[in-house]
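Please look through the following protein chain and its model.

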Amino acid sequence: MEYNFKELEQKWQKFWNDNQIYKVEVDNSRPKYYVLDMFPYPSGAGLHVGHPLGYIASDIYSRYKRLNGFNVLHPMGYDAYGLPAEQYAIQTGQHPAITTENNLNRYRQQLDKIGFCYDWDREVKTCDPDYYKWTQWAFIQMFNHYYCNQAMQARPISELVDVFAQTGTEGLDLACSEELIFTADEWKAKSDKEQQEILLNYRLAYLADTMVNWCPALGTVLANDEVKEGVSVRGGHPVEQKVMRQWSLRVSAYAERLLTGLDNVDWSDSLKEIQRNWIGRSEGAEMTFKVKESDVEMEIFTTRADTVYGVTFMVLAPESELVDQLTTSEQRAAVDAYILETKKRTERERLAEVKKVSGVFSGAYAINPLTKEEIPVWISDYVLAGYGTGAIMAVPAHDSRDFAFAKHFDLPIRQVVIPEGGEATDPATWNDSIDSKEGTMVNSGILDGLSVKEGIAKTKEYIKAEGIGKVKVNYRLRDAIFSRQRYWGEPFPVYYKDDMPYMLDESKLPLTLPEIDKYLPTEQGEPPLGRAKNWQTEDGYPLELNTMPGFAGSSAYYLRYMDPKNDTALVGKEANEYWQDVDLYIGGTEHATGHLIYSRFWNKFLYDMGAVIKDEPYKKLINQGMIQGRSNFVYRVKGSNTFVSYNLRKDYDVTEIHVDVNIVRNDELDIEAFKKWSPDYANAEFILEGDKYICGWAVEKMSKSMYNVVNPDDIIEEYGADTLRLYEMFLGPLEQSKPWDTNGIDGVHKFLKKTWRLFYNSDQLAVSNDKATPDELKVLHRTIKKITDDVERFSFNTCVSAFMICVNDLNDLKCNKREILEPLLALLAPFAPHISEELWSQLGNTTSVVDAQWPELNESHLVESTVTYPVSFNGKMRFKIDLPADMNPKQVEEAVLAHQSAAKWIEGKTIRKVIVVPKKIINIVVG
RNA sequence: GCCCGAGUGGUGGAAUUGGUAGACACGCAGGACUUAAAAUCCUGUGACCAUUAGGUCGUGCGGGUUCAAGUCCCGCCUCGGGUACCA
């Protein structure tokens with residue numbers, strides 16, 4: 001019987017499905033293991049061969065854990081809200097729910113063919129009301145909580161209301177948008193509306209006028225991680241800064257915990273580093289500079305308090321509130337003109353013109369709290385309103401931006417740090433600021449002679465003692481803008497009364513997305529939900545018109561998989577206590593600053609509430625590499641319809657043209673297929689090498705326009721799912737990015753056929769029950785050891801080669817013993833489940849190989865009686881000798897020196913040293 | 001600019017703790033079987049020198065540590081990723 005992959009793969013997929021082999025339930029008698037894939041957004045293009053890479057890896061690990069006795073949760077679902085479906089709806093009028101459903105079904109069909117062990121009963125879709133009910137619920141909870149910096153924890157807002165009524169803000173340290181100070185009496189004197197407005201300043205989900213990334217082309221606001229280099233990540237449209245009243249999540253409150261939490265998770269260093277940079281913790285001091293002849297005080301943040309004697313001017317961000325208060329009447333016109341000018345520039349222009357120095361003098365002078373010097377206050381857009389206090393003390397001698405500014409406007413520069421071993425020099429001769437990370441303080445009054453480190457410490461102490469400032473930690477991480485002016489997203493469970501937002505009662509959830517006539521903003525410029533009829537509460541209060549962003553639905557989906565049908569909680573206690581957290585999470589690194597931050601934030605909040613039992617959601621995380629495209633080219637001789645083969649192209653004047661990789665095999669063009677590919681080429685002529693047309697190639701992004709998209713369905717059609725699975729793993733290390741190259745897939749397919757032939761002798765199953773020989777057992781146990789080790793360290797590519805070695809060896813030994821082959825199938829089952837299941841059942845097993853036992857390693861089969869030692873002279877390997885394994889190093893040394901091959905290398909030389917590393921190597925130093 | 005990561009045959013890659021560099025595949029060359037093809041199997045395959053025996057060189061470049069370096073250290077180069085007027 002031949003290895004008929006098509007028939008047997010279909011047969012076993014049906015069997016697994018019919019018998020619910022992958023269904024999992026809470027089972028307290030077995031340890032749990034939770035393996036999660038980042039769920040896909042089902043795009044219209046379907047899966048290409050790069051998508052399943054991570055899914056295959058997680059599937060292998062899930063099956064491996066199950067064979068080792070774990071109760072494995074391995075679910076899948078869809079991130080179903082998103083821009084492409086909505087953009088398509090705008091163009092065609094087709095409801096995004098329909099587009100989404102179609103795409104999703106196509107994804108499911110494609111996924112099913114690969115033979116994954118998902119428990120589809122637990123599927124979640126973010127656009128499903130039963131699911132987004134809990135997204136809305138979590139939002140309500142965030143609205144009803146604030147963050148206490150002292151307890152480092154979220155607390156119910158009702159507690160805060162009580163505290164305000166008793167003691168005002170006295171002694172509180174709260175995460176907030178703006179520092180407010182009021183007494184209990186002041187609080188009580190405020191109207192209900194004023195109190196609500198104040199509470200918004202503390203809520204974890206809050207509505208506020210904030211500077212947002214506005215993307216006119218998409219007609220919506222975007223979060224920071226959705227903007228890169230001044231354009232939207234999706235679509236690449238320009239983004240501008242704009243103040244809008246929007247919902248935000250107070251993610252910044254959790255900055256410190258998001259940072260320290262990274263120490264307790266098993267993620268790659270690079271990913272942790274990306275998150276650390278994004279959170280951007282910087283420790284420094286906040287100092288107050290009084291303004292001359294004014295009550296105004298300027299708060300600045302600096303990490304280099306020690307350089308305060310080098311401050312020669314101050315700079316305010318153009319958006320700073322102080323600008324208005326400080327500007328003198330003489331400077332008013334100039335300042336207004338400058339502000340107007342900066343407002344007009346988009347974020348992108350600002351980024352592109354980083355080198356361009358611009359600014360304006362405010363007319364005001366600040367007083368250096370240490371030197372009492374009067375220093376001018378300038379306004380410039382190189383200072384950002386959103387970071388620190390929106391104001392800086394400029395030290396041009398030791399900061400390159402301040403230096404450029406000082407040069408441009410001819411402001412004084414004063415050196416306060418001299419580098420190690422250097423001397424103070426005249427700043428007028430400098431071309432750039434001087435690095436001051438290390439060195440000695442000069443021109444710095446009380447700090448003179450101290451090192452930079454000592455200087456920082458002493459300044460901090462001094463300003464604290466003098467009441468000039470305080471030690472402060474700043475974070476780059478901003479709150480997440482949570483409103484989108486779009487249709488295809490979760491509606492907010494929010495209504496407005498007297499212009500203040502209120503939450504719907506939980507009993508009203510889910511608030512389902514209404515139908516609308518067009519997926520466009522209203523004539524008045526309201527978001528699409530403004531078109532919905534009766535979009536109001538039962539009492540007639542208007543509902544929120546914005547919807548939630550894409551990351552809302554993906555923030556807690558891993559919790560829902562634990563208990564997907566629960567209609568009284570996001571996740572029930574029993575399920576959460578059993579499944580706890582995700583043991584292994586596999587997905588792309590592109591989510592490092594988006595989903596993986598939001599999701600950790602969301603989880604920590606739920607943890608604070610007591611809704612979940614784990615503080616961190618994802619214990620171990622692996623980023624699979626990107627699969628790039630590998631394009632092929634043909635070379636058309638200019639002005640003709642003749643194509644010249646790759647290695648002959650230099651002799652002609654040619655144009656390089658992309659050719660569909662699906663009609664190229666091992667870089668050889670299928671000429672007949674090429675002629676049919678496009679009518680233009682029907683009469684093409686070819687200049688061949690030998691009798692072949694060889695194509696050129698290049699690594700590019702996988703995309704339709706490069707004709708390098710490979711569909712997994714086509715690979716499965718030709719080779720089967722098991723070959724696809726093995727080949728994707730064989731391609732290289734999981735975490736490494738690599739181009740998809742179908743060259744080489746034959747090798748993996750051949751391996752499966754060879755495996756099949758170990759069991760089948762022509763048409764007959766020919767497996768014997770004879771006892772295995774020591775050699776055969778050695779091959780098996782060597783493989784058990786290698787595969788177990790390699791699976792544990794996610795080195796799946798080396799697993800595949802270990803299987804090849806094993807099957808080649810067994811083939812050489814003509815081994816057809818059940819004692820060897822049956823355990824081999826259990827090892828292979830996670831990688832190639834279909835063929836393993838078929839052969840497993842052919843051996844007479846009545847239960848699925850999915851529930852077989854992982855073979856146990858017996859080291860005694862691996863013990864060798866002799867060791868083959870490589871013998872090196874001065875580090876160069878010269879020959880090998882076989883020696884008994886129980887020889888001690890002294891005996892080994894004697895045996896080697898007595899060996900005939902050694903004579904040649906020793907002759908005429910002195911033996912200086914002999915190094916014997918037992919069971920490894922012998923090195924003889926001669927000279 | 002700053003922070004990560006990586007550079008190994010014609011190609012993908014292996015070498016887990018410093019111990020035989022190039023496992024396993026692809027490709028290529030030659031051969032067996034076949035009328036032929038497909039399929040399958042066998043042999044060879046880092047470069048250079050040498051008829052053979054064998055030798056020299058070789059893991060981006062330059063230095064170093066070590067009996068021994070792809071692996072550790074120092075200085076560069078190239079590529080990939082992240083991030084940026086963040087004070």
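Glu-672 is found in helix H20, which covers residues 671-677. Helices here are DSSP runs of H or I with at least four residues, strands are runs of E with at least two, and both are numbered from the N terminus. This is a predicted model, in which local features need pLDDT of at least 70, side-chain atom pairs count only at pLDDT 80 or more, and totals for chains, interfaces and linings use all residues. Residues are numbered from 1 along each chain as its sequence is written, chains are lettered from A and ligands numbered from 1 in the order in which they are written, and side-chain values use heavy atoms, with hydrogens and water left out.

Glu-672 counts as partly exposed because its relative accessibility is 46%. The scale behind that word is simple: buried means under 20% relative accessible area, exposed means over 50%, and partly exposed lies in between (1.4 Å probe, protein chains only). Together with Glu-668, Asp-670 and Asp-691, Glu-672 forms a patch of negative charge on the surface. A patch is made of residues with over 30% relative accessible area and no salt bridge, like charges being joined within 9 Å and nonpolar side chains (Val, Leu, Ile, Met, Phe, Trp, Tyr) within 5 Å. Lys and Arg count as positive and Asp and Glu as negative, while His and the chain ends are not counted. The place of a charge is taken as NZ of Lys, CZ of Arg, CG of Asp or CD of Glu.

A patch of positive charge is formed by Lys-876, Arg-878, Lys-904 and Lys-909. Arg-878 sits in strand E35, residues 876-884, and is partly exposed because its relative accessibility is 37%.

Opposite charges can also pair. A salt bridge is a side-chain nitrogen of Lys or Arg within 4 Å of a carboxyl oxygen of Asp or Glu, and the structure holds 56 of them. In one of them, Arg-63 meets Asp-59 at 2.8 Å, N to O. Both residues lie in helix H2 (residues 52-67), four residues apart, which is about one turn of the helix. Another salt bridge joins Asp-324 and Arg-332, with the closest N and O atoms 3.0 Å apart. Here Asp-324 is exposed at 53%, whereas Arg-332 is partly exposed at 28%. Salt bridges also link Arg-257, Arg-600, Lys-604, Asp-608, Asp-615 and Glu-616 in a network.

In helix H8 (residues 192-200), Gln-195, Gln-196, Ile-198, Leu-199 and Leu-200 are buried. The buried residues of H8 pack against several elements, including helix H5 (129-143), helix H6 (157-167) and strand E9 (240-249). Asn-103, in helix H4 (residues 96-112), is buried with a relative accessible area of 15%. Contact means heavy atoms within 4.5 Å. Apart from neighbours within four places in sequence, Asn-103 is in contact with Pro-42, Ser-43 and Gly-44.

Finally, consider the chain as a whole. Chain A has 29 helices and 37 strands, and buried residues make up 54% of its 927 residues. Among contacts between residues at least 6 apart in sequence, 71% join residues at least 24 apart. The C-alpha trace spans about 100 × 85 × 75 Å along its principal axes.

Note on methods:
Areas by Shrake-Rupley, 256 points an atom, 1.4 Å probe, with all protein chains shown as cover.
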